[in-house]
Amino acid sequence: MPTFLAPAFLFGLLAVAVPVILHLLFRRRVPVLDFPLMHLIERAERSRQPRRRLNRVLLLLLRMAILTLLALALARPLFGGRATLTASGPVALRLVVDDSLSMGAKDEDARTRLEVASEEASLLLSGLPPGSRVSGVSTGGGQELPWSSPEEAVEWLAQREVGLTRALLGPVLSDARRDVLEAPLPDARVVLLSDLARHGFEEAASGADAGEPVPLELVQPPPVSGVNRSVSGLDAEPLPDGRLGVTLRVSAWGGEAGEVPWTLTVAGGDEPPRVVARSSLSPGAGASKQRRLPVAVEPGHGWSELVLEEDFLPADDRRHVTHHLRARPRLLVVDGDPQNLSFGAETFYLERALAPGVALGYEADFITVAELDEDSLAGRDAVLLCNLPELGQDRLRLLQDRVEQGLGLLVSLGDRVVQAAYNGGLASLLPATVSVLQEPPAPAVPRPYGRVDLSRAKVHRWHQLLPDDDAQVTLRLFDGQPLMVEGRVGQGRVALLGTTLDRDWNDLPISPQFLGLLDGWISRLVDATDVEVLDPAPVGTRLELGLGGDRWLVGPDDQRSKLPEDGAVVVEQLGRHRVMDADGRVSVSFAGITDPAESDLARLSSAELPGALGPGLAVVTPEGDESRGGRPTWPLLLASLVLVAALESYIARRAA
Amino acid sequence: MKPGTEEHRVALHQELSALPLSARRLAAGLLSGLHRSVQRGGSAEFAEHVEYAAGDDPRNLDWRASARRDRLLIRRFEETTHRRAQLLLDASASMAFQRRDRPSKLDLARTVLGALATLLLRQGDAVGVSVLRRDEASDHVPSKSRGAHLAALLARLDKVTPRGKTDLGRALDTVGARLPRRSLILLASDLIDDGDRLGAALRRLHARGHDLVVVQVLEEDELRFPFVGSRRFRDPETGEVVTSDATAVAEHYREELQRFLTDCDATCATARAERVLLSTGEDPGPALVSWLAQRQALARRLVAAA
């Protein structure tokens, strides 16, 4: 006997009477006409009667068949399924719906695993004994179903949609088990709707100390056959030559994928998106293949998108990554303490940090103070004065003019600094007064600089800095003393570091964060604050952006939402995300991606299932009964409907 | 002018009366010519002289005129034979059938019979009327030849109300029994009846020496069958109803109609009755004139043959 997912539509079978009623009504409405030669009409009717009567009966039957098929198709019958669970009385069921990304895999009828499982579960719910109660929860969050009637549960199930997150079934099942133990009926069970993908059970459900295991009914949709191809990696980073290095990786899950065509689109700066490469990769079964390619992109913030040919799980066939390609500033470093041995030079560590092709890759020239003139300053974005004793009046005026026009200036102190000169002539440039030299017995530790953790760095000696009123302290020691003060002079920005840029007074240059620190300082000086590019984050991840104030999160659909005060966001969409300030400047960007684990559709075996569920849950579904709902026939019914309608149309036209 | 009205009827009378002399002769010939060979005697009125030709009756030679003109001349006469004619009107319910603004079949039949009565009375024939209803002839108006008799005839025709079913065969038999001598019988009917019984009755009338003319009147829609879609048809005589897809059945109907008309023709032919088919959708004047012309030609051929 078939069972029906939407039995209410069976009332539609009453519509079969409609053609008959219409026929009778139509007959009554035809006006009667007196016609003396009616015996001729009767004879004419007799001569065409057999075929006509046959046509009329056939048309009536076909029209009734159309309505019958329509009602049956809408009622969605299933054949061969197990429509009920074994229960002697009312039961309480706690539905656990796995709506993770892998449940979005589509079969040949374009039905997702979640749809198939929901239909089967609806079937099971429709066969529950009277008085049964059902509640539900989905792994991806969303609205929970409190204890309700089975009919309400069917409606709730119909509203479930496949999410983009990864399923972590263990904790959800533990909670479900606890809820079931407090269920309003003695016969209470957990019903799990899941594809039982292995990655969903990395954490087993707890409940070993709870005594008797709770029965678990399993509604598992049949697996989708085929190989799932996915984008398992997409990175983009600036190359020393100014181009963007894009690394893409394609994986095959469940078998050989053959040739997997891919298309890479890149956008950067003011340049619109453009397809930069099309090719294919052939990852082996369960393996990945990657390709790295340099792409010429305009400097600025941008994004890349890799798209594969769509398969039965489309969500993981596309991935984004964001990048920021900065125009390289041209620097002039003035060594105030030149040495014959390079190792002893004030700028030894700077040279290595700025060296092109090795570290930051800035274009930098190193000179002594005697070489500082108009020519040497031409075309520079920033100047670094390292441990300079003093500047002559001419050079000071020249430097001041250039700073006022927008040149960045970083001044680091050292043992050659003449304090009086810094607080005298140079004071018009500097944002702080250079005060006493600090040399505590124990080294001081700087506080974090933005997101750069400096807790392992040590500062042995520094000049106390007394910031000007309009100056900003950008780096402090842990006791609160300013270590770097920044201020504006005209259009330019000047930063004063209270310690050296070599290892004489601190070990900052040998700390792992030195490059990031230096990069951040120079970026601020040239007023080219970087967009902070975060690693792609799977949907559902909570990101601590460390940003507050008046900022907005802009999603892939260009919808803006206010960034919370704590600066934490949960990634909800696939694609490019940006954090903008009130002026529309992007400060942070990242891409929302699918969790790579969800691309692996490998299932737990029945032998592995008890271990994955833990001792608190016991599967009661008969082994091998993976498809509880049986075979859906409504597509066949709809196809028959179309055929019968076509036949009816043909006969009706011929009869006319 | 609406067909079937009194105005139309008067107009038709005038049309037939205004026929050219030859046509009026044709009408006269119609009403007497066929019987010249079987009914001799009666008075003759001189009409003209014509030159003698081989085959002419030598008794008609006008010797005096021949002597004056020095050639053989034959006298020709206007025959003024007084005939008895009986007009029969079918009063079955089917004769009331009327569509749109056309006259009913009964109206058309009354018009035609009235026109022919006018002609007959003008040439001095005695004309009577009988109405055929159910299985008998009733509402008789005796045959008289006075011109004032026309009003009585027309009044009788106008009073006829169609109803019920008429058994034409039996009704004609009662007519045959009533008519004492050979007469001209003019029957106006749609001939919707049992063809065999009707044929037998006509043959019996013919056997008694009556001269038979059948004017079959049918409604235009009966001939054309212009209906489309699903329709319900009711037989006005029996009340029986049939639902039919008119569009689908039209072709078959026309075949059956043709068969019906052919049968009517055959039925009349076996009784030597002349049949004229008139439609309510057409002006009966031209049709009658055409028929009269054919009949005159036939009469001449018969005379010539005699």
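Strand 2 (residues 32–34) of chain A and strand 8 of chain B pair in the parallel sense over 3 bridges, where strands are DSSP E runs of at least two residues and helices are H or I runs of at least four, both numbered from the N terminus. Pairing here calls for at least two DSSP bridges between two strands. Within this pairing, A:Asp34 has B:Arg234 in strand 8 of chain B as its bridge partner. This is a predicted model, in which local features need pLDDT of at least 70 and side-chain atom pairs count only at pLDDT 80 or more, while totals for chains, interfaces and linings use all residues. Residues are numbered from 1 along each chain as its sequence is written, and chains are lettered from A and ligands numbered from 1 in the order in which they are written.

Looking at the whole interface, 24 residues of chain B are in contact with 19 residues of chain A, a contact being two C-beta atoms, placed from the backbone, within 7 Å. On the chain B side, two or more residues each come from strand 8 (230–234), strand 9 (241–245) and helix 9 (246–270). Helix 9 of chain B gives the most, with 7 residues. By type, the chain B side divides into 11 nonpolar, 5 polar and 8 charged residues; Ala, Val, Leu, Ile, Met, Phe, Trp, Tyr, Cys and Pro count as nonpolar, Asp, Glu, Lys and Arg as charged, and the others, Gly among them, as polar. For the complex, the predictor gives an ipTM of 0.76 and a pTM of 0.47.

Turning to chain A, its secondary structure comes to 12 helices and 34 strands. An open, mixed sheet of 7 strands runs in the order 17-16-18-19-24-23-22. Its edges are strand 17 (363–368) and strand 22 (472–476) of chain A, each pairing on one side only. Inside the sheet, strand 19 (residues 408–412) and strand 24 (residues 492–497) of chain A run parallel, joined by 4 bridges, and A:Val411 stands opposite A:Leu496 in strand 24 of chain A. Helix 8 (residues 393–404) of chain A lies across strand 19, strand 23 (482–489) and strand 24 of chain A, at about 120° to strand 24; axes are lines fitted to C-alpha atoms, for helices over the stretch in contact, with angles from 0 to 180 degrees between N-to-C directions.

Confidence is lowest in helix 2 (residues 21–32) of chain B, at a mean of 45, and highest in helix 8 (residues 220–224) of chain B, at 93.

How values were computed
pLDDT is the predictor's confidence in each residue, from 0 to 100.
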